[in-house]
Every structure is written in structure tokens, then in C-alpha cells.
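Subject: Structure handover

Hello,

Please find the structure below. My notes on it follow directly after.

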Amino acid sequence: MADSNTVATPKTAESKPLFGKRERRLLVDPINDNNPITVQVLGICSALAITTQVSPAVVMTIAVIFVMGFANLFTSLLRHSIPKQVRMIIMLIIIAFLVTVVELSLKAINYPIYQELSVFIGLIITNCIIMGRLEAFAMADKPWPSFLDGVGNAMGYGAILIIVAFFRELFGSGSLMGWELFGPGPQFMINTEAHWWLSWYMPNNLMVLSASALFVIGILIWIHRAWNRKLIDVS
Amino acid sequence: MELINIFIKAAFIENMVLAYFLGMCSYLAVSKTLDTAFGLGLAVIFVLGITMPINWLITTFLLSESGLLGIDLTFLRFILFIAVIASMVQLVEMVIEKYSPGLYASLGIFLPLITVNCAILGGSLFMVAREYTFPESVSFGLGSGFGFFLAIVAIAAIREKIRYSNVPGPLRGLGMAFILTGLMGIGFMSLMGIDPGAIGN
């Protein structure tokens, strides 16, 4: 699905104890075998509404990688001093703190994208993958593997996000990252004669509607499981 | 009348699950059988109906510049909202456990899940963004809770039936649930033609 060779960073790969076989698996596994969206069914909530275009999806991916990596790191550092009964609230506060940092910096760096993402940046807090990984991994493991697990899961999540956004933007508005590729965009509506090479495609409005994200993910799951047959739901 | 409009708009036209994809995780995870879906739906209505007015009070009297403290504290919104939601869910859990052990036993595991249900936090954030008044926020909370309830009960009923159909192997389970939700979303989209303002007139 996503190419796995971009994952291993050559810099850390050299230092043997810091980036061994287990660490690599932590990073690569969530992209295919243990993908947060298509296998674990986590984190669908805040993701799908922002996949109509590629650039918000990329921003969202970066934000989630940051939040998830550090939330896992901090929780793992604090794991011995968190009482079991109130761990939910403590985890949420760690996540909420990181999300506030992301929100304020995005507001300062790129205001148009911030407005486009609106409440969905805030909804990273309730993104179930983050809670799920904190609960399942960071509460029980050392800081460095936890950090890698967070980054890996966020990348698996982001990979799906960007694939979905790619198809939705390409077929829905005939563009990629805002660049007009084909289809009569707003500026070509009048003079189609001069831009005939762009106007052969009629954008499919279904792909802009929210329902299409579900279809695209459903089909992605179909392809993923047909290719990786051990994931098929037997029940 | 305005309140009824907001309720209908939140439940049908701008359905949390089918129009905004909020609350998808528990929606997909708990919709395998009808009974549990029903219980979770009721719990969500309850929690949304309570947290929305509380969060309204917090934003108006605590966080805004014209509030009691006189300082603009809106940057604390996320942390306070999520704390309110988490403590409310905990409270609801304890109350149900004490007064209705039967309901608690059937809901048990799904109650804590509500804390990370994006529909709850999303509802509060939408309420702030749309600048609702206090009664409107109550109506919006109940309406979006009811919308979630409708969606989860409908998908659970369909998934129970579709188990007996001959779905291609790789599509079975999760894949089919996604495509069904998409079809339901298109169905609900036809309700967008309703003008909620016209109902009152």
C-alpha cells in the first residue's frame, strides 16, 4: 500500500541499539498489517471530513504525527506515577495540551489552512488511535519504543488519509494540491475553446460529498484485504 | 419553534455521524449487534444532552472575556471541555451503576468509550462555533444525540441482516460497514432539501 522504504530513516538506522529490528517493526507494522484505519478501526472520526483535498490531509497527518509521538512519549515517561483510576483524564490532558500547541502554531503559521480545518484540529484529542495506542502500548512500554509506535501509527493513519484525499481531489475537483490538472475548473468555465486539453473531464461531484470518503475507504479495505488475505474477517 | 428547528437540523440534516463523520469509531465498533447499539445510542443522547449545556456555561461564564474572571481564556477550551466530558461520563457511569444495575451490565464496557466519542467533543466545539444560546445548546445536544442514536441503530440492524448475505470475503465486516454507511449518508443527504426555517412558518 504505502511504500515502506521511506520509513526507515538512515540516520537512526546506523546506531544499533537505538534502532534495531523491533523498532523498525514498530514503525512499519502499522502501515500495512496493523493499519489504524483499515485494520484496527480507530481514528476514523476526525479524519474523513478533511480528505476532500490533499493539502489539509497532509497538514492533518503532520499534526497527528507530532501529537501522537509526543503523547506516547510523555505517557510512557509518566507510566509508573499515573494511578490506574484516573489514567483516562491524565492521558486526555496530555493530548489536549499537545493539541493546543498544534492549534496555536498552525494558527500562527498558516491561517487559511487553520480555518479550513476548523474544529477538526481540536478533534485530534478524541482521535481514538491516540487513546488506543496510549492505553495499549505507552502505558506498558519504555519511552523510545512508545515514541516510535506513536509515529508509526500516525504514519499508517496519514497514509490512508493522503490516499483517500488523492482520489477525492483528483476525481472530485480535477486537481491535486490545488493545482488544476484536468476538468473545467472555475477559471476555465467560459473559455473552453482555448483550454480544450483541460476541459475534457467533468468533475464528479459525488467525490466531494462526504459519503464518497466512506466508499473510497471501503474499497481500499477491500483491496487491502484481497492483497493481504490474513486480515479477512472470518466471523 | 427555533428550538425544534435546531433539534431537527441536528438530528437529520446535519447528522453527526452521516454528515460530519463524528463518532465513527464507536459507531463502527459497537454496531455489530442491535442490543448494544441501542444501549450505546441512549447513553450518547444522555451524555450529549448534559455536557452541552455545561460546556455552554463554562464558555460563557468562565472562559470568555466578559465572564466572571474577566480574562480571555479561550485557549483552555479543549482541556476544560474534555475534562467536563470525562468527568460527566464517569459520573453517569457511577449513577447508572448505583440505580440501574441491569442497564449498567448491558452498557458497562461502552460507557467509558463515550469519553473518546468525537461526537461529544465535536458537538461542544460546533456549539461554540455557531454561538448558540443556552436553550439552543440543550436542544442541539439532544438533537445530535438523537441523530447518533438513529444512525447507530440503523447500521446495527443492517449489519445483523447482511451477515447472511454472500459478501465477497475481503469486503466482509468492516469494508461492507463503510460502504453501507456511505449509502446511508447519501440517503440522509436527501433530507438536506428540508428548510428547517420553513417548518416553523
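Confidence in chain A is lowest in helix α1 (residues 10-14), with a mean of 45, and highest in helix α3 (residues 54-78), with 88. The score here is pLDDT, the predictor's confidence in each residue, from 0 to 100. Helices (H or I, at least four residues) and strands (E, at least two) are DSSP runs, numbered from the N terminus. Over chain A the average pLDDT is 75, and 77% of the residues score at least 70. Residues 1-16 of chain A stay under 50, and the model has 16 contacts for them beyond four places in sequence; a contact means heavy atoms within 4.5 Å. Where pLDDT is low, the predicted coordinates should not be read in detail.

On conventions: this is a predicted model, in which local features need pLDDT of at least 70 and side-chain atom pairs count only at pLDDT 80 or more, while totals for chains, interfaces and linings use all residues. Residues are numbered from 1 along each chain as its sequence is written, chains are lettered from A and ligands numbered from 1 in the order in which they are written, and side-chain values use heavy atoms, with hydrogens and water left out.

Chain A

Chain A has nine helices and two strands, in the order α-α-α-α-α-α-α-α-β-β-α along the sequence. Of its 235 residues, 51% are buried; buried means under 20% relative accessible area, exposed over 50%, and partly exposed in between (1.4 Å probe, protein chains only). Among contacts in chain A with a separation of 6 or more, 73% are between residues 24 or more positions apart. The chain exposes about 11,100 Å², of which carbon and sulfur atoms supply 67%. Accessible areas come from the Shrake-Rupley method with a 1.4 Å probe, and for residues only the protein chains shown count as cover.

Helix α7 of chain A (residues 128-136) has as its buried residues Cys128(A), Ile129(A), Ile130(A), Met131(A), Arg133(A) and Leu134(A). They pack against α3, α4 (87-109) and α8 of chain A, and also against α3 (24-29) of chain B. Arg133(A) forms a salt bridge with Asp149(A), at 3.1 Å from N to O. Since Arg133(A) is in helix α7 and Asp149(A) in helix α8 of chain A, the pair ties together parts 16 residues apart in sequence. Arg133(A) is buried at 12% relative accessible area, and Asp149(A) is buried at 2%.

Met155(A) is also in helix α8 of chain A (residues 143-173). Its relative accessible area of 24% makes Met155(A) partly exposed.

Salt bridges in chain B

A salt bridge is a side-chain nitrogen of Lys or Arg within 4 Å of a carboxyl oxygen of Asp or Glu. In chain B, Glu14(B) pairs with Lys9(B) at 3.9 Å, N to O, and with Arg130(B) at 3.3 Å, N to O. The pair of Arg130(B), in helix α8, and Glu14(B), in the loop between α1 (2-13) and α2 (16-20), links parts of chain B that are 116 residues apart. Shared partners join Lys9(B), Glu14(B) and Arg130(B) into one network. Lys9(B) is partly exposed at 33%, as are Glu14(B) at 22% and Arg130(B) at 29%.

Glu131(B) is in the loop between α8 and α9 of chain B. It has a positive phi of about 55 degrees although it is not a glycine, and it is exposed, at 68% relative accessible area.

Two buried serines

Ser144(B) lies in helix α9 of chain B (residues 134-162) and is buried at 1% relative accessibility. Its side chain reaches the backbone oxygen of Phe140(B) at 2.6 Å. Beyond residues up to four places away in sequence, Ser144(B) touches Ala10(B), Met16(B), Leu48(B) and Met52(B).

Ser124(B), in helix α8 of chain B (residues 118-130), is buried at 0%. Its side chain makes a polar contact with the side chain of Asn55(B) at 2.7 Å. A polar contact is a pair of N or O atoms within 3.5 Å; within protein, one must be able to donate a hydrogen and the other to accept it, and residues adjacent in sequence count only if both atoms are side-chain atoms.

Regards
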